[in-house]
Amino acid sequence: LAAVPPGPARSGPAPGRTAPVDAPRLKVWSGAGRSSDSQVRHRTAGRAPFPPPCAGSRSRRIRYYRTPVRKSTAPASRGDGACEARRHWAREAQSSISIRAHSKKGTSMKYEVDEILNMAIMSKTPHLVVEGVDDICIYEAIAKEANVECEVYAIQMIDGFAGGNNGVIDAIDALENMTSGSNVIPSHFVLGIIDRDTRPYRNDLPANATILMLKYYSIESHFVSKEVIVPVIQRLTRNLANIELKLDEMMARIEQNISNLYYFSLDALRNAVDPSYQQIIGFSTNIGRRNDDGTIRQLAARSSQLDSFALGLNLNSSIDSMREFVKGKWILTAFSEELFNEIELLKLKCKDNLIQQCRMCTLDQSAPCLYSVKEGFTKKTLYPTLCDFVHIAELDYIRQRIRLIADTSKQSTPNGFTH
């Protein structure tokens with residue numbers, strides 16, 4: 001909250017008017033909410049902010065609060081003081097908004113961590129805190145699929161905390177400390193969601209019940225699934241009919257083609273567990289190096305060491321296992337590239353009658369095949385497209401947790417008690 005200084009003092013009343021009332025002081029708050037633009041909430045000096053509900057539009061708005069106008073002690077004709085106060089308040093509000101909207105050196109527009117909890121309590125809506133801005137749209141879609149209205153915040157939107165899963169953990173721990181000894185239970189209103197990363201292999205699991213650690217390495221890892229193949233084909237091609245393909249065989253080929261990620265990722269993981277290990281690959285390495293001949297030879301030379309390391313952690317080269325320890329962006333990139341290759345082959349297989357033919361090829365072999373990839377789709381564009389399919393069963397446990405917090409938040413009272 002930023003206090004905007006009052007307007008310039010006057011030496012006396014304007015001609016024909018009474019003495020001006022004390023100028024109101026404006027407080028500017030940046031947030032998101034479904035309150036109407038005309039809604040103005042009041043606060044009095046010395047009281048904590050009373051933020052509006054935040055369960056609707058995600059657009060960043062600038063709202064302002066004002067202290068009640070103090071009555072003038074000088075005699076005043078009816079309405080003059082109030083009109084003057086309103087005019088002064090309007091000028092100050094417009095000036096404040098203009099300055100805050102255009103100044104790069106203005107007060108931080110981030111939220112305080114306790115604001116998130118306050119808004120969740122007041123709106124009786126779950127508020128999620130996630131690791132990055134790219135995660136917001138995914139978790140919003142997951143919540144929508146679960147028929148839950150919620151607000152999602154990246155940790156970068158909260159003042160005083162670093163990015164990544166450590167920032168989420170610190171923010172949730174701060175909430176727990178703030179409410180310690182009170183009847184408010186943060187886990188009834190707020191949920192922090194973090195990637196699994198390498199935490200299980202470093203014995204660094206979060207102990208806070210208000211934090212959900214993902215089942216796989218990151219949210220992207222969940223979309224490496226046989227369940228997305230048919231909807232992806234329908235999205236990329238013109239064949240919207242029932243698609244009967246041997247999906248298990250297709251997944252087996254994809255798994256074989258991305259198997260070079262196994263040693264590639266094991267080498268990075270071993271260094272994360274044992275910093276003294278001289279790794280070839282780090283988790284910041286470009287995924288393109290997995291196809292580099294020199295890198296492949298180097299990793300093959302230490303494959304026996306990496307196999308022993310994997311055996312001790314019960315890891316293997318199957319897709320199900322690699323989703324747990326391979327960096328999410330790596331495995332989704334490799335999966336999307338190989339899946340795109342498989343989809344491109346469907347046209348030739350349809351023409352050769354190696355799969356169930358589309359309706360066009362059934363009528364005329366020379367006709368345009370419905371399995372042809374539509375213009376604009378490439379290997380790179382397939383990656384974000386995969387993240388649209390939030391209906392998959394791999395995300396059920398996240399939906400269940402969001403539904404649970406939705407139920408507890410609805411049972412709350414304005415003071416944070418639950419019925």
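Which residues of E5 point one way, and which point the other way? In the predicted model examined here, Glu 151 and Tyr 153 point to one side of strand E5, while Val 152 and Ala 154 point to the other, and all of these residues are buried. In a regular strand the side chains alternate between the two faces of the sheet.

Of its 419 residues, 47% count as buried. Among contacts between residues at least 6 apart in sequence, 71% join residues that are at least 24 apart.

Strands E4 and E5 take part in an open sheet of four strands, which has the order E5-E4-E6-E7 and parallel pairing. The edge strands are E5 (151-154) and E7, each of which pairs on one side only, and the twist from one strand to the next averages 25°. Strands of a sheet pair through backbone hydrogen bonds, either parallel or antiparallel. In this sheet, E4 and E5 run parallel and are joined by four bridges; His 127 stands opposite Glu 151 in E5, and Val 130 stands opposite Ala 154 in E5. Strands E6 and E7 likewise run parallel and are joined by three bridges, with Ile 193 standing opposite Leu 212 in E7.

Helices are placed against this sheet. Helix H3, formed by residues 133-145, lies across E4 (127-130), E5 and E6, and runs at about 165° to E5. Helix H4, formed by residues 164-178, lies across E4, E6 and E7, and runs at about 160° to E6.

Helix H3 also meets another helix. Two packed helices are described by the angle between their axes and the distance between the axes. For H3 and helix H14 (residues 396-410), the axes come within 9 Å and cross at roughly 75°, and the two helices are therefore roughly perpendicular to each other. In this contact, Tyr 139, Ile 142, Ala 143 and Glu 145 of H3 meet Ile 398, Arg 399, Ile 402 and Arg 403 of H14. By class, the contact of H3 with H14 comprises five nonpolar, no polar and three charged residues.

In soluble globular proteins, nonpolar side chains tend to be buried together. The largest nonpolar core of the model has 81 residues, and those with the most contacts inside it are Tyr 139, Phe 223, Leu 261, Leu 339 and Tyr 371. The largest share of this core, amounting to 10 residues, comes from H11. When residues up to four places away in sequence are not counted, Tyr 139 touches Leu 128, Val 130, Val 152, Ile 193, Leu 214, Ile 219 and Ile 398. A second, separate core has 21 residues, including Tyr 111, Ile 116, Ile 158 and Val 190.

Most residues other than glycine have a negative phi, and most peptide bonds are trans. Asp 197, although not a glycine, has a positive phi of about 50°; this residue is found in the loop between strand E6 (190-194) and strand E7 (211-213). With a relative accessible area of 17%, Asp 197 is buried, because a value under 20% falls in that class. The loop between E6 and E7 also holds Asn 203, which is exposed, with a relative accessible area of 73%. Asn 203 and Val 273 are 70 residues apart in sequence, and their C-alpha atoms are 9.4 Å apart in space.

A positive phi, of about 60°, is also found at Asn 353, which is not a glycine either. Asn 353 has its place in the loop between helix H11 (328-351) and helix H12 (359-363). At 54% relative accessibility, Asn 353 counts as exposed, because the class begins over 50%.

Technical notes:
Residues numbered from 1 in each chain as written. Predicted model: local features only at pLDDT ≥ 70, side-chain atom pairs only at ≥ 80, totals over all residues. Heavy atoms only, no water. Buried < 20%, exposed > 50% of the residue type's maximum accessible area, 1.4 Å probe, protein only. Pairing = 2+ DSSP bridges. Axes fitted to C-alpha atoms, helices over the stretch in contact; angles between N-to-C directions. Contact = heavy atoms within 4.5 Å. Parallel < 35°, antiparallel > 145°, perpendicular 65-115°, else oblique. Nonpolar A, V, L, I, M, F, W, Y, C, P; charged D, E, K, R; others polar. Core = buried A, V, L, I, M, F, W, Y, C linked by side-chain atoms within 4.5 Å.
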